[in-house]
Amino acid sequence: MLATERPDLRFTTTVAREYVHRVALSEVFLTGWSRTGPDKFTVQTQWPRSHSFYTPINGMHDPLLLCETIRQTFPLLCHAAYEMPFGHQLSWSAFRYTINPQAMRIEQRPAEVDLRVSCSDIRYQRGTPSSMSMHIEATRDGTWLAVADTHFECMSPKVYRRLRSAYSDTARVFAAAPTPVPSLAFASRPRSREDSVLSPNQDEGRFQLRVDTSHPVLFDHAVDHVPGMLLLEAVRQAGHFIIPDDPGMMPSTMDVAFHRYVEFDAPTAVTATPLPVATVQSDTHSYAVKAYQNNTLAFSATAGLLSP
């Protein structure tokens with residue numbers, strides 16, 4: 001290397017954990033970002049070959065690792081690119097993704113994934129974003145890996161306290177979270193009892209959401225409501241119970257709407273229903289999930305499990 005050449009430093013360190021709202025450094029997957037145009041960015045990421053929770057599936061990276069990576073992109077760009085102050089809260093309202101399974105294969109080194117992010121529908125309040133949409137295209141070594149779209153709200157501490165009212169004291173709400181209900185036994189399916197986010201119900205296709213606030217990945221820090229990543233995991237796990245053909249199936253697509261916050265202090269009923277197969281040759285098993293808390297729809301989703 002010539003003395004004047006500089007090495008590519010994109011994957012030598014992670015971004016500061018505060019920018020992605022994580023406490024554990026080991027759970028930070030973003031390594032850098034750059035602006036490529038008005039409201040357009042590239043975000044660099046690195047995925048480990050193995051993870052304690054987002055475990056490999058038949059030699060493939062877990063698609064929910066992609067979801068967590070994208071979730072970390074929200075606060076990173078809001079803070080770093082749009083100068084949103086720390087202490088503001090982000091609230092998911094919609095999220096969908098589709099993956100290219102062949103690009104998810106685990107290789108001999110960690111996966112280095114580039115996210116091309118386009119922000120739109122940006123609304124500002126006093127110079128700070130109050131809501132926005134993102135379109136994300138993920139590539140790995142130049143190969144298309146996934147596409148995702150999302151919308152979320154950004155709230156100042158004052159607005160968030162007013163919205164959350166009795167739930168605004170995070171430390172108190174988190175400490176008062178009840179003991180988790182019994183977990184589902186996954187048998188050969190790719191989740192241990194400790195990682196189960198569903199509890200059994202006598203009726204087929206019906207479950208109760210299981211919330212274990214001691215989980216080191218889903219609850220990296222104290223929060224005042226059930227986090228979105230736990231709800232995505234519930235969508236995945238519900239599919240594995242109503243479509244038991246292959247325990248190695250991966251969630252290749254999801255389209256999720258978050259209708260309201262899911263609280264700790266009331267049970268949440270989850271239902272899952274298979275959807276008709278689009279074509280006879282289709283190898284994707286589609287299904288719908290709905291979740292109700294206090295008889296009100298909390299979140300809903302359609303998803304597809306694919307045998308790689």
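Which residues lie nearest the centre of the largest pocket? In this predicted model, Gln89, Leu90, Val223, His225 and Pro227 lie nearest that centre. The model is predicted, and local features need pLDDT of at least 70, side-chain atom pairs count only at pLDDT 80 or more, and totals for chains, interfaces and linings use all residues. Residues are numbered from 1 along each chain as its sequence is written, and side-chain values use heavy atoms, with hydrogens and water left out.

**View 1. The largest pocket and its lining.** The largest pocket holds about 960 Å³ of space, where a pocket is an open set of points on a 1 Å grid over the protein atoms alone, at which a 1.4 Å probe fits and which has protein on both sides within 12 Å along at least five of seven lines. Its lining consists of 41 residues, lining residues being those with an atom within 4 Å of a point. These divide into 20 nonpolar, 12 polar and 9 charged residues. Strand 3 (89-99) is among the elements that supply at least two lining residues each, and the largest share, 5 residues, comes from strand 3.

View 2. An open sheet is formed by 12 strands in the order 1-2-4-5-6-3-9-12-11-10-8-7, with antiparallel pairing; strands are DSSP runs of E with at least two residues, and helices are runs of H or I with at least four. Strand 1 (30-37) and strand 7 (198-199) stand at the edges with a single partner strand each, so one side of each has no neighbour in the sheet.

**View 3. Strand 10 between two partners.** Strand 10 (residues 268-274) runs antiparallel to strand 8 (residues 206-209), to which 3 bridges join it, and two strands count as paired if DSSP finds at least two bridges between them. Here Gln208 stands opposite Ala269 of strand 10. Strand 10 also pairs with strand 11 (residues 284-293) in the antiparallel sense over 7 bridges, and Ala272 has Val289 in strand 11 as its bridge partner.

**View 4. Val159 in helix 2.** Val159 belongs to helix 2 (residues 157-164). Val159 counts as partly exposed because its relative accessibility is 23%, given that buried means under 20%, exposed over 50% and partly exposed in between, with a 1.4 Å probe and protein chains only. The C-alpha atoms of Val159 and Asp39 are separated by 25 Å, and these two residues are 120 residues apart along the chain.

How values were computed:
Points joined across faces, edges and corners; volume = space filled by probe spheres on them. Nonpolar A, V, L, I, M, F, W, Y, C, P; charged D, E, K, R; others polar.
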